[in-house]
Amino acid sequence: MSNHAQETGFAEIDRLRASREQILQIFRSTGELPGDRAARLEQEALATIAQSSGAVRALALLERGTALRLTQRFDAAVEQFQQAAQIAGEQERADIAFDAWIGIARARAYGQPDHGEALAALQRAIAVAGDTPTREQQYEIADYSAQLASARGELKGALIDALDALRLAGAPDQRFYAQLGVGDVLQRLAQGCDYRKLQDARSLEENNPWGACGRAVDAAAGYYEHARQTARALGWDHLAREAAGFASRVRLRGQMIEAKARLDALIDPAVFDARAADDVLVSDQFEAGASTLKDQQLVAMLIDAVTDADDEDDPRTQFLLGAREDMRGDQAAALRRYERAAALLARERASFFDPRGRGTVVENRPELVRDLGLRLLSLGRHAAAFDTFESMRASGLSSLRAALRASTPDAADRVRFAALVGAEASVSARRRRAVDQAVAGTEPDEMAPLLAEIRAGEAEVRALLADEATRALITRLDAHAFRAAALDDLTRAAKSADTAVALYWVTPANVVVWLISPTGSEVKTVFLPEPVLTAKVQALVSSVQAASRDFARTAAETLYTYLLAPFAAHLKEGRLLVVPQGVLVNLPFEVLVDPASGKHLIETVEVSYAPSATLAAEILRGLDGAPAALAAVYDPRIEALTQEIAGLGRLPGIDVDKLASAGATGQQIIDFLGSAPGVHMLLHGVFAEGGDPLQSYLRIKNLLLKGEADRLTAAELLAADWQATKLAVLSSCEGGRVRARVSNEIHGLSWAPLVGGAHNVLVSRWRVNAVSNGAWMQRFYQALAAGERPATAAARAMRAALKGQPHPYHWAAPQLFGW
């Protein structure tokens with residue numbers, strides 16, 4: 001192309017850009033997108049593409065792609081952006097390539113969501129920008145990182161990115177979108193209070209469970225108001241009205257939160273102190289959402305007003321349209337919509353691989369999954385409802401466990417993966433601190449040092465992901481086609497194992513209880529409001545964590561009456577595998593008391609746990625006894641008190657290989673564990689209370705030392721080969737403490753061996769007494785050596801211990817994930 005032609009071409013690009021800005025200005029001012037102008041822009045860009053080459057052609061492709069995206073033809077837009085990126089690469093125009101990859105990221109996020117492709121495009125843009133991106137590019141990276149993270153449900157990361165975008169915003173238009181972005185993420189955090197209360201350091205200090213929710217509302221409203229003022233100054237009347245509307249709606253949500261807090265305060269927990277199953281309201285009514293409203297015609301009209309029947313790719317839209325068909329009496333059409341919504345959620349989630357299995361994508365809309373599952377139950381579609389609930393439970397730990405098994409990583413791969421997970425956990429911990437500060441109203445400038453730490457951590461993660469071998473491992477993991485267990489799978493497994501499985505799902509007003517046993521299956525709702533359930537669980541858990549506290553027997557009896565008594569017929573075989581959710585993740589079911597007999601549950605029923613129905617089915621299909629060989633790592637100071645390891649050495653039929661941790665490094669311990677069929681770790685455990693749960697660690701040297709080199713984190717434990725491990729015992733304080741996400745994904749020390757493939761994992765839920773815990777372990781292993789299954793062995797150890805020391809503190813700390 002001649003210089004004159006090139007100059008003419010760039011002039012044409014300037015004209016196309018001006019036309020695009022005029023279109024956007026009309027929309028920003030009026031809310032109307034002039035379709036005729038957008039069509040003309042597309043055609044003019046097409047003509048320029050045909051007549052040009054090189055950088056001009058790439059820029060024209062960018063403009064046509066943008067026009068196509070504005071008119072929601074996302075796949076066609078991506079095609080144009082991809083061509084632009086290719087030409088830009090050939091022309092060594094990194095600036096154009098950057099814009100093209102950003103365009104692809106936007107199209108993949110806004111069209112039919114493909115989170116993996118969107119993230120990959122953003123990462124390509126970051127790579128193109130290089131080590132010294134311009135401030136404009138830094139802003140774009142932060143802004144779109146926030147949008148993509150928010151769409152995946154990663155709200156902590158999204159908030160950090162949005163705050164960083166606001167810090168980097170130069171021009172007023174950038175400042176508007178950044179202010180709006182911060183407000184949107186804070187609004188989503190507040191919205192999450194519909195299904196799980198937000199917690200920050202202040203709410204814990206003040207013992208006010210709704211405090212952080214209210215602060216998130218106030219912070220979101222403040223950013224929306226700033227955005228409104230910025231838009232007005234720019235003459236963007238429509239966007240100013242939109243920002244004002246967002247502020248108004250988030251304040252309305254604040255009023256709803258205040259109302260919920262008042263309602264919680266009015267509920268008298270004593271009303272729910274039933275001691276007999278006949279006094280518990282158990283129902284097979286599973287109504288959810290708009291289907292329970294009386295003025296259904298009005299609701300149907302509202303749904304029509306806010307949805308587009310042609311939007312086949314949005315799960316929330318499909319769910320709402322299903323509710324509309326439901327209200328009109330067309331159940332067949334409703335079911336098609338509901339099942340479409342479920343399929344869309346599954347496909348959207350599968351589009352993004354998460355190295356930590358955090359349960360992303362549906363995290364920002366679990367109420368949709370919950371209500372969808374309840375509605376399917378109400379329509380008698382039990383198998384579909386089971387699949388819907390399990391789509392949240394299983395698409396985390398279970399899917400990553402299956403992927404690791406299928407990809408057969410070698411030792412080097414496991415070390416790489418552990419390093420990646422550890423780096424992400426470190427970033428996650430800093431993000432949590434930043435979210436606390438942002439919710440509390442801290443200005444972005446004041447958070448600059450913390451934001452810089454986060455960016456440094458993110459750079460470390462990117463460097464790890466840039467490693468060719470790590471990328472190859474992630475590709476293999478991502479390629480694994482995961483299938484969650486279906487209702488029939490679990491039913492067959494329960495019958496084969498002669499074991500009952502209790503699956504729980506907590507809703508604001510009820511607990512959904514699904515019992516599957518050799519004698520049949522039933523699913524019901526139990527009327528027990530979540531605030532009451534939470535209070536009773538917290539009272540019981542607090543009472544068993546120290547021998548000096550009085551055991552909360554009333555709470556133990558009440559919880560037994562509501563959660564188990566109505567389903568006692570399924571417990572006749574004396575074996576129960578619990579799949580808990582929400583606050584029930586922290587409940588030691590073993591200590592529940594049957595008011596009729598006065599006995600703890602563990603005295604008549606063997607109890608074990610699984611984090612999902614998928615893992616429950618896998619567990620029940622296994623037949624693991626005592627491991628023939630045991631790799632035992634121990635702290636000599638603890639061993640001097642407990643004599644656990646010495647006792648293991650005297651057991652018949654078990655070969656014990658011992659390693660004192662005092663002289664070992666973390667890598668030496670990982671190497672020692674190898675692929676041992678049995679692992680016993682007698683070390684001091686610490687739960688990462690203020691950080692990320694995968695930063696929880698085992699102290700591997702002297703208890704008085706506190707350097708990072710003297711600890712082995714949950715993330716680092718992934719470097720061990722757990723696939724052949726029949727039994728992993730973390731005989732350490734707080735080894736079983738976990739933090740559960742909305743999706744029911746659990747994180748803590750137990751996560752690593754479970755994800756790694758260990759068949760059975762035994763952990764401790766609280767700080768134990770060294771002597772009584774040592775005696776418990778001796779009884780447990782004696783039963784194993786006699787041929788008992790792990791769940792039977794654990795029950796025998798608990799029953800023997802409570803005869804001598806009846807307070808649950810001494811015998812109920814161990815928790816078995818397995819059978």
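Where pLDDT is low, the predicted coordinates should not be read in detail. Over the protein, pLDDT averages 87, and 92% of the residues score at least 70.

This is a predicted model, in which local features need pLDDT of at least 70 and side-chain atom pairs count only at pLDDT 80 or more, while totals for chains, interfaces and linings use all residues. Residues are numbered from 1 along each chain as its sequence is written, and side-chain values use heavy atoms, leaving out hydrogens and water.

A search of the whole structure finds 13 aromatic pairs. Rings of Phe, Tyr and Trp (its six-membered ring) pair if their centres lie within 6.5 Å; planes under 30 degrees apart count as stacked, over 60 as edge-to-face and the rest as tilted. Two of the pairs are given here.

| Pair | Centre distance | Plane angle | Class |
|---|---|---|---|
| Phe272 and Tyr562 | 6.5 Å | 50° | tilted |
| Phe386 and Trp514 | 5.4 Å | 90° | edge-to-face |

Phe272 lies in the loop between α12 (237-266) and β1 (282-283) and Tyr562 in helix α24 (residues 553-563), so their pair ties together parts 290 residues apart in sequence. Phe386, in helix α17 (residues 382-394), and Trp514, in strand β3 (residues 510-517), are 128 residues apart. Helices (H or I, at least four residues) and strands (E, at least two) are DSSP runs, numbered from the N terminus.

Tyr504, Phe589, Tyr609 and Phe817 form one aromatic cluster.

Conventions: pLDDT = per-residue confidence, 0-100.
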